[in-house]
Amino acid sequence: MSREVLPVKPQPDLKLLATFLAVVRRGSMADAAAELGYVPSAVSQHIAALERDMGVELIVRRPGSRLILTAAGRSLARAAETLFDATARFQDAAHGIASREIAELRVGIYPSAMTYLLPPILATLRDRRPGPRIRLVVVETDEGVPRVRSGDIDLLVAYRYLPEDPPAPSTALTVTALGREPLLLVAGAEPGRRRPVELAECLEGEWVSGHVHNPDRRLLLRWAGELGIAPRVTLETDDLHSMLAMIRAGLAVGLIPATLLGRGQDAGVERVVLPPGVAPLYREILAVGRPGGRPPVVDELVTLLRAAVRDLRSRH
């Protein structure tokens, strides 16, 4: 005669599982009831209901002795502990997310800022308080903006040479101004020179800049047009350190972001004196993110970056 197979619920009731685990921990219905704030009969009913749902005996009840788990009961206890542990971790993570706490912040940053601007800021954040791990991605602005939109980067430290250039605020992007980084016109230092280099002396020489469609090149040409001059750009490179090397070698003059010339990095170059009334050049430094709530560490990072850019400008 075949034994009737009772239907099994696809997932046990979590309340019944919690009662079952309390019984396993305590070893008796009465002790479990005291822990949970139930009467003993309610605990007994929960265990019976769970066994009906599972279609198998979980606990052997023997008068006058501790409860004994069956093989099925031991298996269910292990699985339930795993389930409740995972649930607790999930609740902790969900609470952290709701509180805008994250495990990792992915920050995109252009190379010169990565080298000269960010290290002391990261050291300050590390010493100030524990927080999420900051993962750095070195990326130029034009490549970083799409990665912010896609979610691959959480925050992008970017630059903008001309106001009409991207990035611009949109439904997918937030753009926070961090300040203006001076762009300095510099020439190679000449030993024994006793007076500053003036702009007029540079007009017949060679200039170094980015390629023709690069934002720094377009800014240079716009600025030159407003002054009525025509700098002869014969050396083109996207790499600022290469530009600086050419200038140090006396091969050209060019516009260099102040970041690369601070803290003792200006050896071998000297600033070109601009005519009276000529407005100094700069590029905007920006923090680009996505709309919505952001974790506190982002606000801290933005505040420190803004202060660093302000300090940079005051020194030049």
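Biologist: Which way does H1 pass H2, in a left-handed or a right-handed crossing?
Modeller: Right-handed, going by this predicted model: H1 passes H2 in a right-handed crossing.

Biologist: And what's the angle between H1 and H2?
Modeller: About 120 degrees, with the axes 8 Å apart. H1 covers residues 14-26 and H2 covers residues 29-36. The two helices are therefore oblique to each other.

Biologist: Which residues make that contact of H1 with H2?
Modeller: From H1 you have Thr-19, Ala-22, Val-23, Arg-25 and Arg-26. H2 puts in Met-29, Asp-31, Ala-32, Glu-35 and Leu-36.

Biologist: How does the contact of H1 with H2 split by class?
Modeller: Five residues are nonpolar, one is polar and four are charged.

Biologist: OK, now H1 and H3. At what angle do their axes cross?
Modeller: Roughly 115 degrees, and the axes come within 9 Å. H3 is residues 40-54.

Biologist: Left-handed or right-handed for H1 passing H3?
Modeller: Left-handed for that pair.

Biologist: Who's involved in the contact between H1 and H3?
Modeller: On H1 it's Lys-15, Leu-16, Leu-17, Thr-19, Phe-20 and Val-23. On H3 it's Val-43, His-46, Ile-47, Ala-49, Leu-50 and Asp-53. By class, the contact of H1 with H3 has eight nonpolar, two polar and two charged residues.

Biologist: Let's zoom out. How many helices and strands are in the protein chain?
Modeller: Eleven helices and twelve strands. The chain has 316 residues, and buried ones make up 39% of them.

Biologist: What share of the contacts with a separation of 6 or more comes from residues 24 or more positions apart?
Modeller: That share is 74% in the protein chain.

Biologist: Which residues touch the most other members of the largest nonpolar core?
Modeller: Trp-207, Trp-223, Leu-301 and Leu-305, out of 43 residues in that core. Several elements each supply at least two residues of this core, including strand E3 (104-109), strand E6 (174-188), helix H9 (215-227) and helix H11 (296-314).

Biologist: Which element gives the most to this core?
Modeller: H11, with eight residues.

Biologist: What is Leu-305 in contact with, leaving aside its neighbours within four places in sequence?
Modeller: Leu-117, Leu-118, Ile-121, Val-157 and Leu-178. There's also a second, separate core of 18 residues, with Phe-20, Ala-32, Leu-76 and Ala-80 among them.

Biologist: Where is Ala-307 placed?
Modeller: Ala-307 is in helix H11. With a relative accessible area of 30%, Ala-307 is partly exposed.

Biologist: How far apart are Ala-307 and Leu-178 in sequence and in space?
Modeller: They're 129 residues apart in sequence and 8.1 Å apart in space, C-alpha to C-alpha.

Biologist: Switching to Ser-112: buried or exposed?
Modeller: Buried, because its relative accessible area is 5% and the cut-off for buried is under 20%. Ser-112 is found in helix H5, residues 111-116.

Biologist: What does Ser-112 contact, leaving aside neighbours within four places in sequence?
Modeller: Leu-117, Leu-240, Thr-259, Leu-260 and Arg-283.

Biologist: Last one. Which residues does a cis peptide bond join?
Modeller: Pro-166 and Pro-167, with omega at about 5 degrees. Most peptide bonds are trans. As for location, Pro-167 lies in the loop between E5 and E6.

Notes: Residues are numbered from 1 along each chain as its sequence is written. This is a predicted model: local features need pLDDT of at least 70, side-chain atom pairs count only at pLDDT 80 or more; totals for chains, interfaces and linings use all residues. Side-chain values use heavy atoms; hydrogens and water are left out. Axes are lines fitted to C-alpha atoms, for helices over the stretch in contact, and angles run from 0 to 180 degrees between N-to-C directions. Helices (H or I, at least four residues) and strands (E, at least two) are DSSP runs, numbered from the N terminus. Angles under 35 degrees count as roughly parallel, over 145 as roughly antiparallel, 65 to 115 as roughly perpendicular and the rest as oblique. A crossing is left-handed if the near helix is turned anticlockwise from the far one by less than a right angle, and right-handed if clockwise. Contact means heavy atoms within 4.5 Å. Ala, Val, Leu, Ile, Met, Phe, Trp, Tyr, Cys and Pro count as nonpolar, Asp, Glu, Lys and Arg as charged, and the others, Gly among them, as polar. A nonpolar core is a set of buried Ala, Val, Leu, Ile, Met, Phe, Trp, Tyr and Cys residues joined through side-chain atoms within 4.5 Å. Buried means under 20% relative accessible area, exposed over 50%, partly exposed in between (1.4 Å probe, protein chains only).
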